[in-house]
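Here are some notes to read alongside the coordinates.

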Amino acid sequence: LQYGNPGDFALLVDADGQEPNAYLAYDAFDNLHRIQIEQLTSDFTRTLGRAANTGPLTPMNNEAPILFKRHGYYYLLFGECCCFC
């Protein structure tokens with residue numbers, strides 16, 4: 001992962017193509033809880049690094065990402081950080 005101290009995460013394995021691709025959406029304490037997505041290696045044990053990384057997609061203080069694909073479109077849902085909500 002690009003950032004340490006990860007928080008919540010979601011894993012999506014897209015098996016539509018010849019070889020499945022996997023993506024990890026996560027937030028981290030070290031990036032102020034901004035959600036980003038990284039593509040995983042073919043054995044799903046590491047990320048591909050900066051070449052396959054969206055960088056932060058959300059403003060600060062977000063968590064609980066959900067990543068899914070429907071009818072050819074990828075979706076990312078998440079919520080605000082709120083320990084008491």
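The points below concern a predicted model.

1. The sheet. Three strands make up an open sheet in the order β1-β2-β3, and their pairing is antiparallel. The edge strands are β1, covering residues 6–14, and β3, and each of these pairs on one side only. On average, neighbouring strands of this sheet are turned by 25° against each other, with direction ignored.

2. The β1 and β2 pairing. These two strands run antiparallel and are joined by seven bridges. One of the residues to look at here is P6, whose bridge partner in β2 is A28.

3. Strand β2 spans residues 21–28 and β3 spans 36–39, and D30 lies in the loop between them. Is D30 buried, exposed or partly exposed? Its relative accessible area is 44%, so D30 is partly exposed, since that class lies between the limits of 20% and 50%.

4. What D30 touches. With neighbours within four places in sequence left aside, D30 is in contact with Y3, G4 and N5. For G4 there is a distance to quote: the side chain of D30 reaches the backbone nitrogen of G4 at 3.5 Å. As a separate reference, D30 and L57 are 27 residues apart in sequence, and their C-alpha atoms are 15 Å apart in space.

5. The edge-to-face pair. The model has two aromatic pairs. In one of them, the ring centres of Y23 and Y74 are 6.1 Å apart and the ring planes stand at 70°, so this pair is edge-to-face, the class for planes over 60 degrees apart. Which parts of the chain does the pair tie together? Y23 belongs to strand β2 and Y74 to strand β5 (residues 73–80), so the pair ties together parts that are 51 residues apart in sequence.

6. Accessibility of that pair. Y23 has a relative accessibility of 19% and therefore counts as buried, the limit being under 20%. Y74, with a relative accessible area of 42%, is partly exposed.

7. The stacked pair. F68 and Y75 also form an aromatic pair, and this one is stacked, at 5.0 Å from centre to centre with 15° between the planes. F68 is partly exposed, its relative accessible area being 29%. Y75 counts as partly exposed too, at 37% relative accessibility.

Terms used. Residues are numbered from 1 along each chain as its sequence is written. This is a predicted model: local features need pLDDT of at least 70, side-chain atom pairs count only at pLDDT 80 or more; totals for chains, interfaces and linings use all residues. Side-chain values use heavy atoms; hydrogens and water are left out. Helices (H or I, at least four residues) and strands (E, at least two) are DSSP runs, numbered from the N terminus. Buried means under 20% relative accessible area, exposed over 50%, partly exposed in between (1.4 Å probe, protein chains only). Contact means heavy atoms within 4.5 Å. A polar contact is a pair of N or O atoms within 3.5 Å; within protein, one must be able to donate a hydrogen and the other to accept it, and residues adjacent in sequence count only if both atoms are side-chain atoms. Two strands pair if DSSP finds at least two bridges between them. Axes are lines fitted to C-alpha atoms, for helices over the stretch in contact, and angles run from 0 to 180 degrees between N-to-C directions. Rings of Phe, Tyr and Trp (its six-membered ring) pair if their centres lie within 6.5 Å; planes under 30 degrees apart count as stacked, over 60 as edge-to-face and the rest as tilted.
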